[in-house]
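Biologist: Before we go through the labels on this model, could you show it to me, and then set each value against its definition?

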Amino acid sequence: MKKKELLFVTIATLIIGTLMHFLYEWSGESRFIGYICPVDESVWEHMKLIFYPLFFVAIYIAIRKGDIGRISGFILTSLIAMALQISFVYLYKLFTQRSLVVLDIIFYYIVMIAAVIFGNIWSGCRKIRNLWPIFAAVSAIMIVLFTRLSYSKPSFCPFLFMEE
């Protein structure tokens, strides 16, 4: 992507992710919206704010460039971004012993900006683009997990599924 398009995509991704945080409540708690947007304040549900905007960018870029392989870079960065966000949040909570919404938001924006930039770089890498079937499968698995676990939380990994 050129610089203007990269800036547009970055801003759009941040806006989409931010709006998604409130969309479930604004929709009157629509079950369908809850499959894509967070339905509670758990870390797991907030991973949707990273995955789906980057997934939508991946689809946009793949269509625009006419190359399905372009999804790979953005799906890869969405996985890394989710892991980083979880790490940042739990690391600062380890030191502060509390949740600080301002830090959550700052870390989210930093992670998302980096994810779009690296997604753009990696989607141009032929070796990563050639792995698109794997990243398509990972995307499908993530969508199924987000859908299945939105309303029925498992008992394992309580740190991911408990509400703040």
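**Labels and their cut-offs**

Modeller: This is a predicted model, in which local features need pLDDT of at least 70 and side-chain atom pairs count only at pLDDT 80 or more, while totals for chains, interfaces and linings use all residues. Residues are numbered from 1 along each chain as its sequence is written, and side-chain values use heavy atoms, with hydrogens and water left out.

Biologist: With which residues is Ser 72 in contact, leaving aside its neighbours within four places in sequence?

Modeller: Ser 72 is in contact (heavy atoms within 4.5 Å) with Ile 128, Arg 129, Leu 131, Trp 132 and Phe 135, once neighbours within four places in sequence are set aside.

Biologist: Why is Ser 72 called buried?

Modeller: Buried means under 20% relative accessible area, exposed over 50%, and partly exposed in between, with a 1.4 Å probe and protein chains only; Ser 72 has a relative accessible area of 0%, and therefore counts as buried.

Biologist: What makes Asp 67 and Arg 129 a salt bridge?

Modeller: The term requires a side-chain nitrogen of Lys or Arg within 4 Å of a carboxyl oxygen of Asp or Glu, and the closest N and O atoms of Asp 67 and Arg 129 are 3.1 Å apart, so the pair forms a salt bridge. Asp 67 lies in the loop between α4 and α5 and Arg 129 in helix α7 (residues 126-129), so the pair ties together parts 62 residues apart in sequence.

Biologist: Which residues are linked with Asp 67 in a network of salt bridges?

Modeller: Arg 70 and Arg 129 are linked with Asp 67 in that network, and the closest N and O atoms of Asp 67 and Arg 70 are 3.7 Å apart.

How values were computed: Helix = DSSP H or I, 4+ residues; strand = E, 2+ residues; numbered from the N terminus.
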